[in-house]
Structures are given as C-alpha cells and as structure tokens.
Amino acid sequence: QFSRSSHHDLAAIAKHKMTQLAFASCDRVPRNLTCVRYLVFLRIATLAALLQTLLAWTKLDSPAFILGVSSCRPRWPGFSGVSRVPALQAGADAATSWRIPKPTLSEERWDFWPVLPIAPYERRRTLRQELVPGQLWSFDQKQGIYYVHVPIRMTVYRLRTRRGLLVYAPVAPTGECVKLLRELEAMHGAVAYIVLPTLAVEHKYVVGPFARAFPTAEIWVCPGQFSVPPLPLEFLGFPSDRLRTLPQDPDDASVPEDWRREQIEFRVLGPIGKDLPVGYAEVALYIRPLRAMLVTDLLLSVPRNIPAIIKEDPRGLVFHSRNGTTAPAETSPEALARGWRRICIFSLLFGTTAIDVQSVPEVLLEGLAPDAQELGWGGVYPVKYVDDWEKTFESLAGGDKPGLLVPPILSELILNRYLASDVWPFIESISESWSDLEVVIPAHFAAPVSAGVKDVRGAFWRAFGRPPSGEIVLPWPFAELGNEVPKGPQPLEEDLLFIRNIDSFLTLLGALDKPERLTYMAGFEADKNMRTS
C-alpha cells in the first residue's frame, strides 16, 4: 500500500503486477448483469486502485476501503484467541495517531491484491477468534471500497473422528493467516478439506493460493463455477489433482466418508440466474455436533458493536463519522460507533433516505480543505446525513429484535426470481434436516449468531412472505407465526428504492428474469390487495 513513507518505484510495481492485473476482470464479471453488485463493485474497485496510486503520487494518504462483517448461547463462550487490536493512544496523540496509515508488515502482505483491487489492498490483517474451545475458530480479514470496511470471514473446524481440519470460505493466505492456521495444525492435524461455498469472486480468487499453501487438502467447490472469459478452475490456480465439485445431492457417494462420520452435512442453493452458467449459488454447511450452520452471503446479522478487525485501523470509522467533507474528524467512542453504523448502511443499501447527496461543485470545493485531505481520498465525502438517519441502521440491525437478515442485494435482484423453484425448497430442506440448529456463522458482519430454524425461516418470510399454498408443503406450521410479519431486521421500504430502481431497469432490459413476488412490506401489501380483490 502506497503511503508518504513508501519508496517503491510505481513504474516498477506496475510492470511487476501487469500479468496479475490481466486477470482482474476474468473471474467474476457477470455477462448478464444478474449479479449487478459485482459489476459495479469491480468497476469502482478499478477506479479506486487508480485513485490510490494518484493520491500516493501527490503525497496524500492512500485510501483504504473494505466491503462485505452478536449474541451467543451459553454453550458458545465469548471470543478468545489471537486478537491484537490496538487501542487509540491517549492524550494529544489520540487525535492524530489514527491519521497515519498502518504499515504493511511482511506477514500481512497479500501480493495478489491487484487481481481484485479493493481495499485494504496488500495489507490483509488477520484476527483469529476461538468460537468453541478446541473445536471451532474464525479468521477475520476485511475488504471494501471507499472506507466502507466490513469483515470477511473464514471458519475452521477440528475433525473429531481423525486428526485434521476443515476450512470453510478461505481468506487471503497471508503469512500471518497461514501461521495462525499452522498453530492449529500443530495441535489438531493438517488441513484436510477446503470448501469454497460460493461463486463470488471475493471468496473465490484466494482459493488457488490458499490451496497451494496446504498441499494435502482436498478442495471442494460449490457447483456452477464460472469465469469471464470462460476458463477452467485449474487456470485460475486451483490444483487439478485435488479439485472436487460438491454434488447437488448431499447423499451422493462422492461426498467424503469423513464428513458422514463427522456428521457434517450441506445443502446447495442454485445455481440460479437468467443465463447460466453465469449466476448465483451457495453452499450452507451444517456441523451437527456443534449445531452450527455456516453460510457465506445468504444471511447476515448487523452488529451494534464495531468488529475487532474493523476497529484495528479506525481511519474508515473516522472518515464515515463526519457529516460532510468539511466536518471535523472525531475519534471518540461515540464517533467511531457512528462511523460503523453508517458503514453498515452504505454496504447493504448503497443509496438510502438517510443521506443527502451533495452537488459535484460543492464536493470539489470542500474537498480542497487541508484537514479533509489528510483523511485520504482527497477528503471527499459527498454526503450529509438527515436528522433521523439512525432509523435506517436500526431497521437493518432489527431494533429491539436483532437477528438474521437476507442481504437486500440478494433479496431484490436474485432470490425473489427463483422462490418456488429453488429458495423455498432449500429452506424446507434446512428446516426439516437441521431442526436442532442453534448457531449461524455468516462470512460477513457478526458471528456467531444465536439462531434456530425458526429464525432462519423468519428472515426469509420477512423478505418473501409465506410460500404459496399448493406449490410446496413446508414441514413447519407457518400459522404459528400468525398473519403479522415476524419481528426482526427488515429494511425500510423507502430505503429499498435505490436497489429496486436498478432491479426495474435491468428487468426492463431483459438482463434479469421477472420477480415472482415483491419483497418485504411491498410484497405483503400486494398479497393483501390480491386477496381482497
């Protein structure tokens, strides 16, 4: 990462990385725009990388943005293990120490960041937390754009019937990450299985290098893998002799016998999309001895407390705690908490009623303020917040009913098009087979999250309503929930307008299939009107 203290030759770096940069758009640019989030994501990320170099050249602080980020039952103890989170310095230094970009230590360096040029670029700090003593660990890194930093999480499980580890949703295998995992290997055996549970590029592009760091592990990938241009996974760094594809049928004979003995189960959602193979798919993994379900992007829980991996470098929190470009930078706990809540809003909704976007001339003039420039990104922060902006955050966090949320980008652009064919059968299968579920561990935001089957199906009912009668018979009595929307996280209708406008435009173009049903309260109102008409 370029900073004031950097003495790297930018031209030499560009030459050295040119080959890697050639693959920046190979692995996840959807031709049919079904996953429009990633198209926008990659375009902005490319501009971010160029802006970073420009700011470094002009001696401004380099930017850092990260995308993607609870209660737990008594049997799930509090977080422990490696968590080296520096506190802000006291006294006069506290007001300025956070402004200095964190140095990239050799063990934190991720050399393949140009393949997906998003923050924190080459500096990939890893924090390990023990979720269940001696049995389950999370490895948190972060990713994003424009200081919108959210956690991205790898989960590691210790096999019980043999020595070895299972890794779900790998993160960047930096020296620090590999060292922390080697410590577990020394106690519990080598990594035996690596699971890539999604098609998403931010999870996918690290798997090849990760697999090569653990040369005896089998690599099991979610079905439906693709790249643009079409390339075999081996060309993207996956070792062919150890590569396997998870079957749609969890009882298929190809599933490792170890998993059966360990009572490790899985279900596949998808692939779904208008023009397959380009589409969306995800594998949920269930560890029955721990009553824990691992998911990637399908569900999340927005925490009120700032995740440790985000807090270790507070510049993003300070950046978003301001109200406009020229607002003073604050480092109080209240300001950092405010910054985190606004990051959550941006990362999940993009455009909302919580903000007023400033005009371009106003932004450029305010961005010339010397103090603002020291924040990075030239100090440009083109939004101001309305007085009641926090109600948007509360809707995502669930207010006094925290819980699980289907990310709006999935509910509005993907899942609501394949409810009868894929989504409801998937939820039915989970509810029937994993009825003793107690904990959900998402790959983003908070984890672990105390949740059972009722909480999982409640998140989907809030988003999509009850399954239509006659199309599918579900094994749970939905009537027990009554006719009201189950309480929990639910975006405000007005805050979904931005994503819904994208949805309407892409549907009109023919890039997306037509939705089967409107989501959230709009869907419930449409159902009500249909019943009364």
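**A helix pair and the core**

Reply: Helix 14 passes helix 15 in a left-handed crossing (the near helix is turned anticlockwise from the far one by less than a right angle; clockwise would be right-handed). Bear in mind that this is a predicted model, where local features need pLDDT of at least 70, side-chain atom pairs count only at pLDDT 80 or more, and totals for chains, interfaces and linings use all residues. Residues are numbered from 1 along each chain as its sequence is written, and side-chain values use heavy atoms, with hydrogens and water left out.

The pair covers residues 419–433 for helix 14 and 453–464 for helix 15 (helices are DSSP runs of H or I, at least four residues, numbered from the N terminus). Their axes sit 9 Å apart, at an angle of about 160° (lines fitted to C-alpha atoms over the stretch in contact, 0 to 180 degrees between N-to-C directions). Helix 14 and helix 15 are therefore roughly antiparallel (over 145 degrees; 65 to 115 is roughly perpendicular).

Who touches whom? Helix 14 brings Leu419, Val423, Trp424, Ile427, Ile430 and Ser431, while helix 15 answers with Val453, Val456, Arg457, Phe460, Trp461 and Phe464 (heavy atoms within 4.5 Å). By class, that contact has ten nonpolar residues, one polar and one charged.

Along with Leu181, Met293 and Leu415, Phe460 has the most contacts inside the largest nonpolar core, which has 113 residues (buried nonpolar residues joined through side-chain atoms within 4.5 Å, buried being under 20% relative accessible area with a 1.4 Å probe). Helix 9, residues 333–349, gives this core the most, with eight residues.

Helix 9 has a packing partner too: helix 12 (residues 390–397), with axes 9 Å apart and an angle of about 70°. Helix 9 and helix 12 are therefore roughly perpendicular to each other, and helix 9 passes helix 12 in a left-handed crossing. On the helix 9 side you'll find Arg341, Cys344, Ile345, Leu348 and Leu349; on the helix 12 side, Glu390, Thr392, Phe393, Glu394 and Leu396. That contact divides into six nonpolar, one polar and three charged residues.

Within helix 12, Thr392, Phe393, Ser395, Leu396 and Ala397 are buried, and the buried residues of helix 12 pack against helix 9. Just after helix 12, Gly398 takes a positive phi of about 100°.

Key: Buried means under 20% relative accessible area, exposed over 50%, partly exposed in between (1.4 Å probe, protein chains only). Helices (H or I, at least four residues) and strands (E, at least two) are DSSP runs, numbered from the N terminus. Angles under 35 degrees count as roughly parallel, over 145 as roughly antiparallel, 65 to 115 as roughly perpendicular and the rest as oblique. Ala, Val, Leu, Ile, Met, Phe, Trp, Tyr, Cys and Pro count as nonpolar, Asp, Glu, Lys and Arg as charged, and the others, Gly among them, as polar.
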